[in-house]
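Hello,

Here is the structure for you to look through. My notes follow below it.

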Amino acid sequence: MKINTAEFVVSNSESKKCPNEPIPEYAFIGRSNVGKSSLINMLTNQKYLAKTSSRPGKTQLINHFKINSNWFLVDLPGYGYAKVSKKTKSTFQKFITDYFETRQQLVSAFVLIDIRHDAQKIDLEFMQYLGESEIPFSIIFTKADKVGRQKVPQLVAKYQKQMLANNWAEMPPYFVTSSEDKTGRDEVLNYIDEINQDIFKNQGPL
Ligand code: GTP
Ligand code: MG
């Protein structure tokens with residue numbers, strides 16, 4: 001898919017104030033610093049569309065970006081980084097779960113995982129939450145440039161094994177990406193495009 005236009009629309013802390021337009025929407029979620037905002041810039045070929053930082057906690061709001069005038073990419077805050085009390089630390093920020101539970105337009109989520117890391121409890125919990133909420137999702141492994149091409153298959157296999165050991169019957173569809181060298185760009189965009197084409201063909205209300 002060719003990206004002709006990519007524009008920032010709005011930032012929100014409340015899902016009910018997100019754009020009303022009934023067009024397909026794809027959300028990027030994952031721990032802070034995993035590379036969500038960088039990936040949005042890589043996919044859209046824009047350096048500064050989504051704000052990135054080497055310090056965790058950069059993205060604090062729900063950010064809608066309109067692509068090719070007919071679908072949304074959504075950049076979300078990290079779920080491992082919130083200035084919350086010790087008591088509520090293990091739960092996800094409420095406005096994030098509100099977002100996932102109320103967005104009718106949401107077609108699919110992408111859960112981003114740093115390819116260098118073992119499966120983490122919070123990621124597995126979030127995927128479990130998505131599964132229970134019947135929200136389709138895929139995994140995007142990020143920062144593949146940091147490990148080298150030949151190590152990728154064994155790291156993916158290790159992750160898969162860890163998911164299976166945590167009661168998953170199978171690993172969801174996955175992509176391997178690098179925002180540095182644009183690995184995985186075509187694969188992710190083509191995946192979105194295929195779903196969009198299906199939706200546009202059957203054009204009912206979302
Ligand atoms: P929050 O907004 O804090 O939740 O983080 P985020 O997930 O949006 O991460 P962000 O895109 O801001 O990236 C965090 C850091 O990782 C930045 O220093 C990026 O330059 C770096 N980074 C992101 N993606 C890649 C990648 O594919 N390769 C390399 N080498 N660095 C990356
Ligand atoms: Mg961010």
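Of the 22 residues around ligand 1, which come nearest? They are Ser32, Ser38, Thr59, Asp145 and Ser179. Near means that a heavy atom lies within 4 Å.

This is a predicted model: local features need pLDDT of at least 70, side-chain atom pairs need 80 or more, and totals for chains, interfaces and linings use all residues. Residues are numbered from 1 along each chain as written, chains are lettered from A and ligands numbered from 1 in written order, and side-chain values use heavy atoms, without hydrogens and water.

Now the polar contacts (pairs of N or O atoms within 3.5 Å). A polar side-chain atom of Thr59 is 2.7 Å from an oxygen atom of ligand 1. For Lys36, a polar side-chain atom lies at 2.8 Å from a ligand 1 oxygen. Asn33 uses a polar backbone atom, 2.9 Å from an oxygen of ligand 1.

The shell around ligand 1 has two nonpolar, 13 polar and seven charged residues. Here Asp, Glu, Lys and Arg count as charged, and Gly counts as polar.

Next, the rings. The whole structure holds 17 aromatic pairs (ring centres within 6.5 Å). Tyr79 and Phe126 have ring centres 4.7 Å apart and planes at 25°, so they are stacked (planes under 30 degrees apart). These two residues are 47 residues apart and link distant parts of the chain.

Best wishes

How values were computed: Polar contact = N/O pair within 3.5 Å; in protein donor to acceptor, adjacent residues only side chain to side chain. Phe/Tyr/Trp six-rings, centres within 6.5 Å; stacked < 30°, edge-to-face > 60°. Helix = DSSP H or I, 4+ residues; strand = E, 2+ residues; numbered from the N terminus.
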